[in-house]
Amino acid sequence: MRRINRVAVAAMVILGAFAGFAVPAFAQSVTAYEGARLIVGDGKVIEMGTLVVDGTKIVQAGAAADVRVPGDAKRVNLAGKTVMPMIIDTHVHLTQTRDGLIRDLRARAYYGVSAALSMGTDPYELLDIRGQAIPGAARYLSAGRGITMPEPGRTTAPHWITTEAEGRKVVEELAWHKVDMVKIWVDTRDGKYKKLSPGIYAAIIDEAHQRGLRVSAHIFDLEDGKGLMRAGVDALAHGVRDKDIDDETVAMFKQRPNLILTPNLPERGVKVDLGWLKASLPAEEYARLESVNFDRPTAQHFFGIQARNLAKLNAAGVRITLGTDGNRPWGPHEEMQDMVVAGMTPMQVIVAATRNSAEFLRIADAGTLQAGKSADFIMLDANPLDDITNTRRISAVILRGAPVDRAQPVR
């Protein structure tokens with residue numbers, strides 16, 4: 001971990017650059033951030049707002065006229081800035097070593113992500129990290145080892161099962177490890193493998209619910225999505241990907257208001273501007289991204305199916321969260337743009353990425369800029385309600401009341 005004096009020096013550089021003061025905000029216990037547009041995370045916007053932070057918590061948040069700033073508070077002028085809650089990613093696959101995992105969590109904080117749920121590929125011996133507040137690192141949640149049918153040649157990190165009894169036994173093991181979610185895969189991987197049958201996944205869901213756990217399912221096909229909904233699944237970790245959804249699917253979602261959809265949209269298959277990443281990535285990694293950055297009609301078709309499905313379910317009022325799959329710490333910013341391209345408004349996307357994701361992961365003190373919440377927020381140089389890609393224009397990140405060291409990218 002970085003030594004605290006290094007964090008303090010970095011904070012002076014980061015905050016002093018835009019606020020015009022030399023003492024880092026966390027040097028005093030109470031700091032008032034004033035004059036910014038506050039995107040609360042629940043759909044509300046406060047122009048010329050004030051946030052008062054005491055230690056690691058927000059103690060006041062509102063319009064300047066409604067907030068009483070303590071006389072001894074450090075005051076930070078954020079005129080012209082927009083402040084939003086830090087992003088929460090509900091579907092990632094993090095590195096399976098302790099050092100690598102901590103590096104992943106720090107990289108996420110660098111990009112404004114305060115928490116991430118790793119979905120089904122984690123060794124149990126890493127789960128103790130969930131209870132640690134690592135300076136400059138996002139919170140870690142985990143589904144431990146997920147559940148799928150045997151997939152020879154693919155990762156053996158998940159449990160491979162073939163019977164209902166095996167599924168129930170694995171859920172018992174997951175409950176013992178107190179995982180944050182049960183992850184299952186229901187997918188033939190383009191016809192290469194058998195997938196969990198309705199009888200097996202129904203047994204897993206039933207056992208999980210008996211033990212107070214929820215189940216999130218990786219799906220591909222429409223009919224599997226319907227079967228899982230009938231079996232009581234709690235979340236779909238991908239939207240339907242094989243075809244456009246029908247009216248029955250929309251109706252089934254409406255009948256299940258607590259069912260969560262995490263779209264995990266695929267790449268759009270169009271050339272995009274990656275310049276915003278250049279300074280934060282090693283040259284070879286940036287070059288690799290650019291090498292596949294071109295128009296791909298097949299990918300465009302695949303994105304189109306999922307984008308239309310997301311638009312239909314969003315219009316129907318389905319509860320949507322943000323997830324990125326894989327292990328790209330900057331991925332939420334790409335996903336948010338893709339969700340807007342699919343038809344959601346920037347505000348709807350921000351609510352999905354903040355309040356909805358926090359509530360889904362049962363993180364009670366995150367997701368919105370409200371009194372009593374953890375002081376986790378991003379200061380932006382432009383308004384993402386005008387253009388969602390403005391979430392990438394990060395001036396500073398405050399995590400648990402302290403500035404994240406963004407002087408150097410985490411690599």
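This report walks through strand pairings, helix packing and an aromatic pair in a predicted model.

Residues are numbered from 1 along each chain as its sequence is written, and side-chain values use heavy atoms, with hydrogens and water left out. Since this is a predicted model, local features need pLDDT of at least 70 and side-chain atom pairs count only at pLDDT 80 or more, while totals for chains, interfaces and linings use all residues.

**Strands**

A word on terms: helices (H or I, at least four residues) and strands (E, at least two) are DSSP runs, numbered from the N terminus. Two strands pair if DSSP finds at least two bridges between them.

Between S6 and strand S7 (residues 113–118), the parallel pairing covers 4 bridges. Across from Asp-89 you'll find Ala-116 in S7.

Then there's a hairpin. Strand S2 (residues 45–54) runs antiparallel to strand S3 (residues 57–63), with 6 bridges in the pairing. Thr-50 has Gly-62 in S3 as its bridge partner. The hairpin of S2 and S3 has 2 residues between the strands, and Gly-55 takes a positive phi near 65° there.

**Helix pairs**

| Helix pair | Axis separation | Angle |
|---|---|---|
| H3 (residues 164–176) and H4 (residues 198–210) | within 8 Å | roughly 30° |
| H5 (residues 222–230) and H6 (residues 247–254) | within 11 Å | roughly 25° |
| H9 (residues 331–341) and H10 (residues 346–360) | 9 Å | about 135° |

Angles under 35 degrees count as roughly parallel, over 145 as roughly antiparallel, 65 to 115 as roughly perpendicular and the rest as oblique. The angle therefore makes H3 roughly parallel to H4, and H5 and H6 are likewise roughly parallel to each other. H9 and H10, on the other hand, are oblique to each other.

As for handedness, a crossing is left-handed if the near helix is turned anticlockwise from the far one by less than a right angle, and right-handed if clockwise. H3 passes H4 in a right-handed crossing, H5 passes H6 in a left-handed one, and H9 passes H10 in a right-handed one.

Now for who touches whom, where contact means heavy atoms within 4.5 Å. For the classes, Ala, Val, Leu, Ile, Met, Phe, Trp, Tyr, Cys and Pro count as nonpolar, Asp, Glu, Lys and Arg as charged, and the others, Gly among them, as polar.

From H3, Glu-164, Gly-167, Arg-168 and Val-171 meet a set in H4 that includes Ile-200, Ala-203, Ile-204 and Glu-207. That contact of H3 with H4 divides into 5 nonpolar, 3 polar and 4 charged residues.

On the H5 side, Leu-222, Lys-226, Met-229 and Arg-230 make contact with Glu-248, Thr-249, Met-252 and Phe-253 of H6.

In H9, Met-336, Met-339 and Val-340 meet Pro-346, Val-349, Ile-350, Ala-352 and Ala-353 in H10. The contact of H9 with H10 has 8 nonpolar, no polar and no charged residues.

**Aromatic pairs**

Rings of Phe, Tyr and Trp (its six-membered ring) pair if their centres lie within 6.5 Å; planes under 30 degrees apart count as stacked, over 60 as edge-to-face and the rest as tilted. By this rule there are 4 aromatic pairs. Tyr-33 and Phe-377 have ring centres 5.3 Å apart and planes at 80°, so the pair is edge-to-face. This pair links distant parts of the chain, with Tyr-33 in strand S1 (residues 30–39) and Phe-377 in strand S16 (residues 377–380), 344 residues apart.

Methods: Axes are lines fitted to C-alpha atoms, for helices over the stretch in contact, and angles run from 0 to 180 degrees between N-to-C directions.
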